[in-house]
Amino acid sequence: TFSLGQNWPNPSNASATISYIVPASVYIGLKVYDIVGRQVATLAEAHRRAGAYRVFWEGIDKEGQQVPSEVYFCQLQAEKLRETKCMTLLR
């Protein structure tokens, strides 16, 4: 089934591993948002075949800058499906 795993470790102090599963071939978007809903980073935005995937987030925003300690939200979206997990970054 379509699912987004909880990042590991959580809380994280430098980088986090994020896993997700797509049950069929589909275009996905995996993005990180801050507490007020601003997009911080795009971790994946591509067509994926059915399977399990893993990405790493180094706590870097879309401008290449380190983000501050805060609560972030990782969201996986594919067509009308959407799943979000909360993650904490502590520097």
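**An all-strand chain and its buried lysine**

Of the 91 residues in the protein chain, 34% count as buried (under 20% relative accessible area with a 1.4 Å probe, protein chains only; exposed is over 50%, partly exposed in between). This is a predicted model, in which local features need pLDDT of at least 70 and side-chain atom pairs count only at pLDDT 80 or more, while totals for chains, interfaces and linings use all residues. Residues are numbered from 1 along each chain as its sequence is written, and side-chain values use heavy atoms, leaving out hydrogens and water.

As for the elements, the chain has seven strands and zero helices (DSSP runs numbered from the N terminus: E of at least two residues for strands, H or I of at least four for helices).

Three of the strands form an open antiparallel sheet in the order 1-2-5 (two strands pair if DSSP finds at least two bridges between them). Strand 1 (3-4) and strand 5 (51-57) sit at the edges with a single partner strand each, so one side of each has no neighbour in the sheet. Strand 1 pairs with strand 2 (residues 16-22) over two bridges, and Leu-4 has Tyr-20 in strand 2 as its bridge partner.

Then there is Lys-31, found in strand 3 (residues 26-33). Lys-31 counts as buried because its relative accessibility is 19%. Its side chain makes a polar contact with that of Glu-45 at 3.2 Å (a pair of N or O atoms within 3.5 Å; within protein, one must be able to donate a hydrogen and the other to accept it, and residues adjacent in sequence count only if both atoms are side-chain atoms).
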